[in-house]
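Hi everyone, thanks for coming. Today I'd like to walk you through how some chains meet, so please have a look at this one.

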Amino acid sequence: MPIKAQLFITCLAEQFFPGVLKGMVELLERLRVQVAFPEEQTCCGQPFFNSGYQTQARQMARKWLEVFGRTDGFIVSPSGSCVDMVRHHYPHLFPPGTPEHRLAEETAARTFEFTQFLVQQVKVTDVGARFPHKVTYHASCHLLRGLGAREEAKQILRKVRGLELVPLSTEETCCGFGGTFSVIYPEVSQAMMVAKVKSIEATGADAVVACDAGCLMNIAGGLRKANSPIKAMHLIEVLTAERGTP
Amino acid sequence: MSTNSAGEDILAKVRTSLKRGPGQPVAPVPSTARVKPRVAGAPDAEIELLFTEIGKLNGVTRRLGGRDDLKTALAELVKVEAVQKATCWATPDLMTLDVAGTLKALGVEIVSPTAGKHQVAECELGVTGVDAALPETGTLLLRSSPERPRVVSLLPRVHLAILRRTALRADLHQAFGEAKDAGYCVLVTGPSRTSDIELTLTLGVHGPKALYVWLLDES
Amino acid sequence: MSQATLPIDFRTNAQHVPPKMPASVQKATAKFLGNRAALVEALGNELWQTLRQAAHDVRLHAITNLDQYLEQAERAVTKAGGHVHWARDAAEANRIVLEMARHHQVRKVVKSKSMATEEIGLNHALEAEGIQVIETDLGEYIVQLLGMGPAHIVVPAFHLSKEEIAALFREKLGVDAPAEAEKLTQVARMKLRQEFLTAGLGISGGNFLIAETGTIVTVTNEGNGRMCTTVPPVHVAIVGIDKIVPDWESLTVLLKVLARSATGQKITCYTQFISGPPRADAETGPKESHLVLLDNGRSRILQTPETRETLLCIRCGACLNICPVFNNVGGYTYGYPISGPTGVLFASQILGVKAAGGLPFASTLCGACNDICPVKIPITEILLHLRHRVAEGDEQEKAAAPSLMRTGAQVGSVALRTPWLYRLGSSLLKWAQAPLKRDDWLAKLPPPLSRWTMARPLPAFAADFRSWWRTRSHKR
């Protein structure tokens, strides 16, 4: 039975990092995962939930569950925060014991962030990638703490040929994105982003890798503002930069 | 006790919030809220550990083999710390050791702890015993009683605690079991300190600036 | 600390953070976090997690049986010869202390550090009646001379240099001491000793209140807590009703996690256990011992299960130390004596979300606080509930956000969850950005997105995955 993955592309990745999504499709297919894309998907509703609009978040969740609930296989996303929303918050949006709650729980249980999917379900860490550069890793908060994914991304990065992984002293410190936080408290968000960028520059890396579109938007923008040649990349972009045999 | 409407009000609000009725019993404290007590090591190792911890916190430790040692040590302390006035606990142990008498013979004026706070505040030295000693943290538990006035370990610049092996306890579980019904007590761990100014450690803020802990073994 | 203007305006406060503040904050927090990490490593992570769970469970048990434990504490304190007073709110607590001061003809009060007394504005209430109040914790003493409140609950004056403190002592105390920590501390020691010895009343807070024996527990390093509660003839402790623990055994766990989490010490210098006044005069200590049990909104916080665990807080300050927001703005930005994540929780619920302004949103929800909290308060979960209270209201308060926002949220959610509207939006954004786009970036955008671009450019809108997928599927 081939593993089946329903793509949960997320609104931010769709708008800003379509290359990551295409890379994810190609990579999963190379790993013989059967990939499907439920076209009616939009946004998981996290911005509403995080802003306190649980009524609207519930409406978004219903729509999302309607789209993904009727699929089979795993649901895979390149974004830790969106998966955290589905796994941890969706069930709480519906009263326990109701069919909606059950659907939320069942669907959440098969929803995975990309690196966790690769390591835990496809059971690979070596995808035959090559990226002969110095790389440092930023651990997105929701992936790290929300989903408890401490090691998966780094395990995968260590298997990339030619890649030198250097530690980031602020690896686990928030980059300052925080969704709407970045526009509600722009000065504080900026200060946090600048600290993150400085810390990345101090590693001497050619690229900083993260697994969340929000973090990447923020960090990439910050690096550009600082006129830095360092690239901010999604892990998937590293894995699909050059291809070899696993 | 007379009816306290504010108290009744608050309790009523608490009960409403918790959906509890008056007099509703408390479930026992859950077992997950407890941790296992420490098992003490061998006595000599415990003393070693206690002294190491006290040393880390700038306390000064010493082993005394008997009363002659004590007299010598007291003479040195009086000189080093320029002690002119001292105040002491009046526990049977300290009375038997006649610490006050020894100090007097060294020219130190003995002030009664009940002489009044202004007088006691002028003492350079306060001498106490130790009711319980906790090696893991280098902590001394001092009780309070007519024989153990609180100000003795608080107001003078130097605190000397005379420790007996029998005071050693494995940890707070044991120490608390004995102390909880005995009124006031204080856990003393090193001399008084602060990092409030630029995070620089300084000793002797309001409590004693120096802590001496002497283990007195007698054959 | 003077009552900040309400509602609290976190953004404006953040815009006015003194330039040197973030570096000072980070220096202090790095030290505490480093010390803490060393002790946690020495204990081993498994034991540390067991202790955290035990600490959480004992505190949760205490507050979910709070009525019984409060009654038990009251009985025990009274039996031990102490006096128990109950204060429903700040005004009542201040009245009680004022009456006590008047009754004993007190002209001067010495205080040890207590967030509860800051919360109720006790100093101002006493000073307004001509009673001199002296903060005796060194950090509090310093900021009091400045006319400020604490910048951090554990190290109130960490942000000041020794030069600034020396200048302050020169100006306010008329003492010329060199700018060295040791010398400045000695100045404070000498000045404050006289105050301890001549004050008519000593006021403290309480880190814990043991229901079993009615025992007030104070955790300090300097000795001022002992001085305030031993030397003046009358002692009063202001203790929030949330500080209850069932028994002495509970403290074997809590004392293990408190100092480690706060400053990275195994235990503080002095942990005091006060059970009423001394049983005999010869013990030396206050003639009268009073306990004021303070509600001031805590019983209301209990009501909502989703936010109830706010009351587990043991005021260690670890969440302040780890919070990236706090580390960039410092304590004053929060407009409340307790700052950082736990401060947001308290301010939002003691003052109410309307008065707390944007505080519940002053977080990226990174969750570092959850992981470091020694009593495992689910801080970000509570923040999410408080945001829900702001946006939509709940059984405690009606919505504080303007109804226009709610309309906006509804319109936004319809647009975002209707596939054709969503796809239309994607296309429109790509089209509309054309004049602003350069090298795949949008450097400057109109409000409200200008709030993003003021800090860094936005990547260009580039949605083309769906058409790529469709083309690909058709090829196969």
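**Where the chains meet**

Let's start with one spot: Val188(B) stands opposite Tyr270(C), which sits in β9(C). Strands here are DSSP runs of E with at least two residues, helices are runs of H or I with at least four, and both are numbered from the N terminus. Four bridges join β8(B) to β9(C), residues 270-274, and the two run antiparallel. Strands count as paired if DSSP finds at least two bridges between them.

Quick housekeeping: this is a predicted model, where local features need pLDDT of at least 70 and side-chain atom pairs count only at pLDDT 80 or more, while totals for chains, interfaces and linings use all residues. Residues are numbered from 1 along each chain as its sequence is written, and chains are lettered from A and ligands numbered from 1 in the order in which they are written.

Okay, zooming out. 62 residues of chain B are in contact with 78 of chain C, contact being C-beta atoms, placed from the backbone, within 7 Å. On chain B's side, α1 (5-18), α6 (117-121), α7 (172-179), β8 (185-188) and β9 (193-194) each supply at least two residues. The largest share, 10 residues, comes from α1(B).

Two pairs of chains touch, and B with C has the most contacts. What about chains A and B? No contact joins them, and their closest C-alpha atoms lie 21 Å apart.

Finally, chain C's contact with chain A takes 50 residues from each chain. On chain C's side, helix α19 (379-392) gives the most, with six residues.
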